[in-house]
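Have the viewer open while you read.

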Amino acid sequence: MMPPDPRTTTTTTSTTTSTTSTAATSMIDAASVALPSTPPSASVACAAGKVAEPSSSAPAKKIMSPEEIREYAGKLDKMVQEAVNFQQKILTDTDDIAELYLALERIKKAPDPDVSSKWTAFWRTWGKSAIVPLKQFVDAENNKQNEQNKRNEQKLENQQKMAKGLEWKKEQDAAKKKERERLAQKHKQEKAALAKAHRRHFSNPDVLKSINEKLKSVVNEKPNEKPTLCTAVVVVEGTEPTMAFGTSSVGNHSPFQAFYRDKDGIIRCTKAAEVHAKVLEPLRATLAGIQKVEDWEVYVCAEVDAAVQLLLRGKRLEQIKTYATDFDLNYKERCAHCTQWATEF
Ligand SMILES: [Zn+2]
(Lines give C-alpha, C1' and ligand atoms only; values in the text may rest on other atoms or scores of the structure.)
Protein backbone atom coordinates (compact mmCIF):
# COMPACT_ATOMS: atom_id res chain seq x y z
CA MET A 1 0.00 0.00 0.00
CA MET A 2 1.29 3.49 -0.93
CA PRO A 3 1.87 6.02 1.87
CA PRO A 4 -0.31 9.15 1.76
CA ASP A 5 1.01 11.82 -0.56
CA PRO A 6 2.28 14.62 1.76
CA ARG A 7 1.37 17.27 -0.79
CA THR A 8 -2.26 16.42 -0.37
CA THR A 9 -2.16 15.83 3.36
CA THR A 10 -3.38 18.61 5.59
CA THR A 11 -2.83 17.04 8.94
CA THR A 12 -1.40 19.46 11.45
CA THR A 13 1.35 17.79 13.36
CA SER A 14 2.96 20.73 15.07
CA THR A 15 1.88 24.21 16.04
CA THR A 16 5.28 25.60 15.11
CA THR A 17 5.44 24.53 11.52
CA SER A 18 3.47 24.56 8.34
CA THR A 19 1.08 21.73 7.74
CA THR A 20 2.18 20.89 4.25
CA SER A 21 5.43 19.94 2.74
CA THR A 22 6.54 19.50 -0.81
CA ALA A 23 9.49 17.75 -2.25
CA ALA A 24 10.59 20.91 -4.02
CA THR A 25 11.09 22.93 -0.85
CA SER A 26 12.95 20.46 1.24
CA MET A 27 15.91 19.41 -0.77
CA ILE A 28 18.96 19.35 1.42
CA ASP A 29 22.47 19.30 0.19
CA ALA A 30 23.58 16.38 2.23
CA ALA A 31 27.01 16.20 0.68
CA SER A 32 28.34 19.33 2.36
CA VAL A 33 27.78 18.43 5.99
CA ALA A 34 27.51 15.35 8.10
CA LEU A 35 24.11 14.40 6.78
CA PRO A 36 23.88 11.08 5.02
CA SER A 37 23.41 10.99 1.29
CA THR A 38 20.54 8.59 1.62
CA PRO A 39 17.04 9.97 1.69
CA PRO A 40 15.60 10.94 5.04
CA SER A 41 12.50 8.99 4.26
CA ALA A 42 12.03 5.30 4.22
CA SER A 43 10.33 5.63 0.86
CA VAL A 44 11.81 8.63 -0.80
CA ALA A 45 13.67 9.42 -3.96
CA CYS A 46 17.32 10.19 -3.65
CA ALA A 47 18.96 12.47 -6.14
CA ALA A 48 22.71 12.40 -6.30
CA GLY A 49 24.04 14.17 -3.22
CA LYS A 50 20.59 15.48 -2.38
CA VAL A 51 18.15 14.43 0.25
CA ALA A 52 14.49 14.70 -0.47
CA GLU A 53 11.67 14.54 1.97
CA PRO A 54 8.96 11.96 1.49
CA SER A 55 7.27 12.02 -1.85
CA SER A 56 5.22 9.15 -3.00
CA SER A 57 5.29 10.33 -6.57
CA ALA A 58 9.04 9.84 -6.90
CA PRO A 59 10.36 6.40 -7.58
CA ALA A 60 11.95 4.91 -4.49
CA LYS A 61 15.58 4.19 -5.21
CA LYS A 62 16.59 3.15 -1.74
CA ILE A 63 14.56 2.29 1.27
CA MET A 64 16.19 3.38 4.52
CA SER A 65 16.27 0.75 7.16
CA PRO A 66 15.08 1.69 10.66
CA GLU A 67 18.74 1.66 11.72
CA GLU A 68 19.66 4.13 8.98
CA ILE A 69 16.79 6.41 9.94
CA ARG A 70 17.97 6.40 13.57
CA GLU A 71 21.53 7.16 12.47
CA TYR A 72 20.28 9.97 10.27
CA ALA A 73 18.25 11.36 13.15
CA GLY A 74 21.42 11.33 15.24
CA LYS A 75 23.20 13.36 12.59
CA LEU A 76 20.34 15.85 12.43
CA ASP A 77 20.55 16.09 16.20
CA LYS A 78 24.21 17.12 15.89
CA MET A 79 23.43 19.52 13.04
CA VAL A 80 20.74 21.25 15.13
CA GLN A 81 23.20 21.44 18.01
CA GLU A 82 25.73 23.04 15.67
CA ALA A 83 23.14 25.59 14.54
CA VAL A 84 22.30 26.41 18.14
CA ASN A 85 25.99 26.85 18.88
CA PHE A 86 26.20 29.26 15.94
CA GLN A 87 23.48 31.40 17.61
CA GLN A 88 21.02 30.79 14.79
CA LYS A 89 17.88 32.93 14.57
CA ILE A 90 15.66 30.30 12.95
CA LEU A 91 14.52 28.58 16.12
CA THR A 92 14.64 31.22 18.80
CA ASP A 93 11.99 29.71 21.00
CA THR A 94 13.70 27.30 23.38
CA ASP A 95 10.46 25.28 23.52
CA ASP A 96 10.72 24.69 19.77
CA ILE A 97 14.32 23.59 20.07
CA ALA A 98 13.44 21.26 22.89
CA GLU A 99 10.55 19.84 20.90
CA LEU A 100 12.79 19.24 17.87
CA TYR A 101 15.30 17.42 20.03
CA LEU A 102 12.53 15.35 21.55
CA ALA A 103 11.17 14.44 18.11
CA LEU A 104 14.61 13.28 17.01
CA GLU A 105 15.01 11.42 20.28
CA ARG A 106 11.69 9.66 19.70
CA ILE A 107 12.80 8.54 16.23
CA LYS A 108 16.06 7.22 17.60
CA LYS A 109 14.21 5.27 20.30
CA ALA A 110 11.24 4.16 18.20
CA PRO A 111 10.81 0.43 17.69
CA ASP A 112 11.33 -0.80 14.15
CA PRO A 113 7.67 -0.89 13.01
CA ASP A 114 7.12 2.74 14.07
CA VAL A 115 10.30 4.41 12.99
CA SER A 116 9.35 4.97 9.34
CA SER A 117 6.05 6.64 10.05
CA LYS A 118 7.60 8.78 12.81
CA TRP A 119 10.30 9.83 10.40
CA THR A 120 7.75 10.83 7.75
CA ALA A 121 5.80 12.78 10.33
CA PHE A 122 8.97 14.41 11.57
CA TRP A 123 9.84 15.69 8.10
CA ARG A 124 6.34 16.95 7.54
CA THR A 125 6.58 18.97 10.72
CA TRP A 126 10.19 20.09 10.81
CA GLY A 127 11.61 19.64 7.34
CA LYS A 128 10.66 22.85 5.57
CA SER A 129 10.29 25.02 8.64
CA ALA A 130 13.39 24.06 10.57
CA ILE A 131 15.74 21.44 9.16
CA VAL A 132 16.18 22.97 5.70
CA PRO A 133 16.86 26.56 6.90
CA LEU A 134 18.96 25.28 9.79
CA LYS A 135 20.99 23.23 7.35
CA GLN A 136 21.44 26.22 5.04
CA PHE A 137 22.40 28.34 8.04
CA VAL A 138 24.93 25.81 9.31
CA ASP A 139 26.41 25.43 5.81
CA ALA A 140 26.72 29.19 5.45
CA GLU A 141 28.31 29.50 8.88
CA ASN A 142 30.75 26.72 8.13
CA ASN A 143 31.59 28.32 4.78
CA LYS A 144 32.22 31.61 6.56
CA GLN A 145 34.42 29.81 9.04
CA ASN A 146 36.30 28.07 6.23
CA GLU A 147 36.78 31.37 4.42
CA GLN A 148 38.12 32.92 7.59
CA ASN A 149 40.44 29.96 8.12
CA LYS A 150 41.68 30.30 4.55
CA ARG A 151 42.29 34.02 5.07
CA ASN A 152 44.15 33.28 8.29
CA GLU A 153 46.26 30.65 6.56
CA GLN A 154 47.02 33.07 3.73
CA LYS A 155 47.94 35.73 6.24
CA LEU A 156 50.25 33.35 8.06
CA GLU A 157 51.80 32.25 4.78
CA ASN A 158 52.38 35.87 3.79
CA GLN A 159 53.95 36.60 7.14
CA GLN A 160 56.25 33.61 6.72
CA LYS A 161 57.15 34.73 3.20
CA MET A 162 57.89 38.21 4.48
CA ALA A 163 60.05 36.83 7.27
CA LYS A 164 61.91 34.70 4.72
CA GLY A 165 62.35 37.74 2.48
CA LEU A 166 63.74 39.79 5.34
CA GLU A 167 66.11 36.97 6.22
CA TRP A 168 67.26 36.82 2.60
CA LYS A 169 67.73 40.59 2.50
CA LYS A 170 69.74 40.44 5.69
CA GLU A 171 72.01 37.79 4.21
CA GLN A 172 72.41 39.83 1.04
CA ASP A 173 73.27 42.95 3.00
CA ALA A 174 75.80 41.03 5.09
CA ALA A 175 77.38 39.60 1.92
CA LYS A 176 77.50 43.05 0.32
CA LYS A 177 79.08 44.53 3.43
CA LYS A 178 81.68 41.76 3.46
CA GLU A 179 82.44 42.42 -0.21
CA ARG A 180 82.76 46.16 0.42
CA GLU A 181 85.16 45.47 3.26
CA ARG A 182 87.16 43.10 1.08
CA LEU A 183 87.43 45.69 -1.68
CA ALA A 184 88.36 48.42 0.80
CA GLN A 185 91.11 46.19 2.15
CA LYS A 186 92.31 45.41 -1.38
CA HIS A 187 92.28 49.10 -2.25
CA LYS A 188 94.29 49.90 0.86
CA GLN A 189 96.90 47.32 -0.11
CA GLU A 190 97.03 48.63 -3.66
CA LYS A 191 97.50 52.19 -2.44
CA ALA A 192 100.29 51.10 -0.14
CA ALA A 193 101.98 49.31 -3.05
CA LEU A 194 101.56 52.42 -5.18
CA ALA A 195 103.06 54.69 -2.50
CA LYS A 196 106.01 52.36 -2.12
CA ALA A 197 106.58 52.23 -5.86
CA HIS A 198 106.27 56.01 -6.01
CA ARG A 199 108.91 56.53 -3.39
CA ARG A 200 111.32 54.19 -5.15
CA HIS A 201 110.74 55.71 -8.58
CA PHE A 202 111.06 59.29 -7.48
CA SER A 203 114.14 58.66 -5.43
CA ASN A 204 115.76 57.58 -8.67
CA PRO A 205 117.69 60.58 -10.08
CA ASP A 206 117.12 59.39 -13.64
CA VAL A 207 113.38 59.40 -13.23
CA LEU A 208 113.44 62.87 -11.65
CA LYS A 209 115.64 64.09 -14.48
CA SER A 210 113.30 62.76 -17.14
CA ILE A 211 110.31 64.27 -15.41
CA ASN A 212 112.06 67.62 -15.13
CA GLU A 213 112.91 67.49 -18.80
CA LYS A 214 109.32 66.73 -19.66
CA LEU A 215 108.12 69.55 -17.50
CA LYS A 216 110.62 71.94 -19.03
CA SER A 217 109.57 71.10 -22.55
CA VAL A 218 105.88 71.49 -21.67
CA VAL A 219 106.47 74.82 -19.95
CA ASN A 220 108.73 76.07 -22.74
CA GLU A 221 106.20 75.24 -25.39
CA LYS A 222 103.09 76.41 -23.57
CA PRO A 223 104.08 78.65 -20.68
CA ASN A 224 100.53 79.18 -19.47
CA GLU A 225 99.69 75.52 -19.22
CA LYS A 226 99.63 73.67 -15.95
CA PRO A 227 100.64 70.18 -16.96
CA THR A 228 99.56 67.05 -15.25
CA LEU A 229 101.87 64.24 -14.46
CA CYS A 230 99.93 61.06 -14.40
CA THR A 231 101.20 57.93 -12.79
CA ALA A 232 99.50 55.04 -14.44
CA VAL A 233 99.86 51.78 -12.64
CA VAL A 234 99.07 48.23 -13.48
CA VAL A 235 98.53 46.17 -10.41
CA VAL A 236 99.59 42.61 -10.81
CA GLU A 237 98.72 40.44 -7.83
CA GLY A 238 101.73 39.25 -5.89
CA THR A 239 104.23 41.30 -7.85
CA GLU A 240 105.44 44.87 -7.90
CA PRO A 241 103.22 47.33 -9.76
CA THR A 242 104.22 48.24 -13.26
CA MET A 243 104.43 52.03 -13.49
CA ALA A 244 104.33 54.50 -16.33
CA PHE A 245 104.40 58.29 -16.18
CA GLY A 246 102.41 60.31 -18.60
CA THR A 247 102.19 64.05 -19.12
CA SER A 248 99.41 66.15 -20.47
CA SER A 249 99.63 68.40 -23.53
CA VAL A 250 99.62 67.59 -27.22
CA GLY A 251 102.95 66.97 -28.81
CA ASN A 252 104.67 66.00 -25.59
CA HIS A 253 103.40 62.52 -25.17
CA SER A 254 106.03 59.86 -25.19
CA PRO A 255 107.08 58.11 -27.26
CA PHE A 256 104.62 59.85 -29.64
CA GLN A 257 101.31 61.57 -29.84
CA ALA A 258 99.00 58.60 -30.36
CA PHE A 259 95.64 60.04 -31.47
CA TYR A 260 94.05 62.88 -33.37
CA ARG A 261 90.54 63.80 -34.46
CA ASP A 262 89.95 63.94 -38.20
CA LYS A 263 87.80 66.51 -40.00
CA ASP A 264 84.78 64.22 -39.61
CA GLY A 265 85.23 64.19 -35.84
CA ILE A 266 86.52 60.61 -35.72
CA ILE A 267 89.42 59.83 -33.37
CA ARG A 268 92.21 58.05 -35.25
CA CYS A 269 95.75 56.89 -34.66
CA THR A 270 98.43 59.36 -35.74
CA LYS A 271 100.97 58.39 -38.38
CA ALA A 272 103.54 57.69 -35.68
CA ALA A 273 101.16 55.39 -33.82
CA GLU A 274 99.71 53.65 -36.85
CA VAL A 275 102.04 50.67 -36.59
CA HIS A 276 100.66 50.06 -33.06
CA ALA A 277 97.03 50.61 -34.11
CA LYS A 278 95.93 47.12 -33.08
CA VAL A 279 97.41 47.39 -29.59
CA LEU A 280 96.02 50.88 -29.12
CA GLU A 281 92.56 50.07 -30.48
CA PRO A 282 90.87 49.46 -27.07
CA LEU A 283 91.99 52.89 -25.85
CA ARG A 284 91.10 54.57 -29.16
CA ALA A 285 87.62 53.04 -29.05
CA THR A 286 87.21 54.06 -25.41
CA LEU A 287 88.19 57.65 -26.14
CA ALA A 288 85.92 57.70 -29.19
CA GLY A 289 83.04 56.77 -26.92
CA ILE A 290 83.35 59.57 -24.37
CA GLN A 291 81.80 63.02 -24.46
CA LYS A 292 84.08 65.95 -25.23
CA VAL A 293 83.15 68.48 -22.55
CA GLU A 294 86.40 70.26 -21.68
CA ASP A 295 88.14 72.93 -23.77
CA TRP A 296 90.88 70.47 -24.72
CA GLU A 297 90.73 67.22 -26.63
CA VAL A 298 89.93 63.88 -24.98
CA TYR A 299 93.30 62.35 -26.00
CA VAL A 300 95.71 65.05 -24.74
CA CYS A 301 95.62 64.11 -21.06
CA ALA A 302 98.44 62.56 -19.07
CA GLU A 303 96.24 59.51 -18.38
CA VAL A 304 96.11 58.77 -22.12
CA ASP A 305 99.87 59.20 -22.41
CA ALA A 306 100.51 56.79 -19.56
CA ALA A 307 97.94 54.27 -20.84
CA VAL A 308 99.55 54.31 -24.31
CA GLN A 309 102.94 53.52 -22.76
CA LEU A 310 101.49 50.61 -20.80
CA LEU A 311 99.58 49.20 -23.77
CA LEU A 312 102.83 49.28 -25.77
CA ARG A 313 104.40 47.33 -22.89
CA GLY A 314 101.83 44.59 -23.29
CA LYS A 315 99.39 45.50 -20.52
CA ARG A 316 95.67 45.38 -21.08
CA LEU A 317 93.51 48.46 -20.77
CA GLU A 318 91.32 46.85 -18.08
CA GLN A 319 94.43 46.26 -15.94
CA ILE A 320 95.35 49.92 -15.89
CA LYS A 321 94.52 52.05 -12.88
CA THR A 322 95.68 55.61 -12.87
CA TYR A 323 96.65 58.14 -10.31
CA ALA A 324 96.80 61.80 -11.38
CA THR A 325 99.29 64.21 -9.78
CA ASP A 326 100.88 67.53 -10.54
CA PHE A 327 104.65 67.74 -11.03
CA ASP A 328 105.13 68.12 -7.30
CA LEU A 329 103.47 64.71 -7.05
CA ASN A 330 100.45 66.08 -5.24
CA TYR A 331 97.16 64.39 -6.02
CA LYS A 332 95.35 66.18 -8.78
CA GLU A 333 91.65 66.05 -9.59
CA ARG A 334 90.90 64.44 -12.94
CA CYS A 335 89.39 66.34 -15.81
CA ALA A 336 85.87 65.64 -17.02
CA HIS A 337 87.22 63.53 -19.88
CA CYS A 338 89.41 61.18 -17.87
CA THR A 339 86.72 60.62 -15.24
CA GLN A 340 84.69 59.09 -18.06
CA TRP A 341 87.12 56.28 -18.72
CA ALA A 342 90.12 56.09 -16.37
CA THR A 343 89.93 53.64 -13.49
CA GLU A 344 90.63 55.47 -10.26
CA PHE A 345 93.32 54.12 -8.06
ZN1 LIG B 1 92.18 64.38 -18.36
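This is a predicted model: local features need pLDDT of at least 70, side-chain atom pairs count only at pLDDT 80 or more; totals for chains, interfaces and linings use all residues.

## A strand with partners on two sides

Strand β3 and strand β4 (residues 242-247) run antiparallel and are joined by six bridges.

## Buried on both faces

Side chains in a regular strand alternate between the two faces of the sheet. In β3, one side carries Leu229, Thr231 and Val233, the other Cys230, Ala232 and Val234, and all of them are buried. Six of the six residues in β3 (residues 229-234) are buried, so the strand is largely enclosed by the rest of the structure.

The largest nonpolar core has 32 residues, and the ones touching the most other members are Ala232, Tyr299, Ala306, Ala307 and Leu310. At least two residues each come from β3, β4, β6 (267-269), α5 (277-288), α6 (302-312) and β7. Helix α6 gives the largest share, seven residues.

Leu310 is a handy one to click on: leaving out residues up to four places away in sequence, it touches Ala232, Val234, Thr242, Ala244, Lys315 and Ile320. There's also a second, separate core of 23 residues, with Val80, Ala83, Ile107 and Phe122 among them.

## Two helices side by side

What angle do α5 and α6 make where they pack? It's about 155°, with the axes 8 Å apart. That makes α5 roughly antiparallel to α6, because angles over 145 degrees count that way. The crossing of α5 past α6 is right-handed.

On the α5 side, the contact is made by Val279, Leu280, Leu283 and Leu287. From α6 come Val304, Ala307, Val308, Leu311 and Leu312.

## Thr286, a residue in between

Thr286 lies in helix α5. Is it buried, exposed or partly exposed? There are 17 other C-beta atoms within 10 Å of Thr286, so it counts as partly exposed; buried would take 20 or more.

Apart from neighbours within four places in sequence, Thr286 is in contact with Leu317 and Trp341. Thr286 and Trp341 are 55 residues apart along the chain, yet 7.1 Å separates their C-alpha atoms.

Methods
Residues are numbered from 1 along each chain as its sequence is written. A residue is buried if 20 or more other C-beta atoms lie within 10 Å of its own, exposed if 12 or fewer, and partly exposed in between; C-beta atoms are placed from the backbone. Helices (H or I, at least four residues) and strands (E, at least two) are DSSP runs, numbered from the N terminus. Two strands pair if DSSP finds at least two bridges between them. A nonpolar core is a set of buried Ala, Val, Leu, Ile, Met, Phe, Trp, Tyr and Cys residues joined through C-beta atoms within 7 Å. Two residues are in contact if their C-beta atoms, placed from the backbone, lie within 7 Å. Axes are lines fitted to C-alpha atoms, for helices over the stretch in contact, and angles run from 0 to 180 degrees between N-to-C directions. Angles under 35 degrees count as roughly parallel, over 145 as roughly antiparallel, 65 to 115 as roughly perpendicular and the rest as oblique. A crossing is left-handed if the near helix is turned anticlockwise from the far one by less than a right angle, and right-handed if clockwise.
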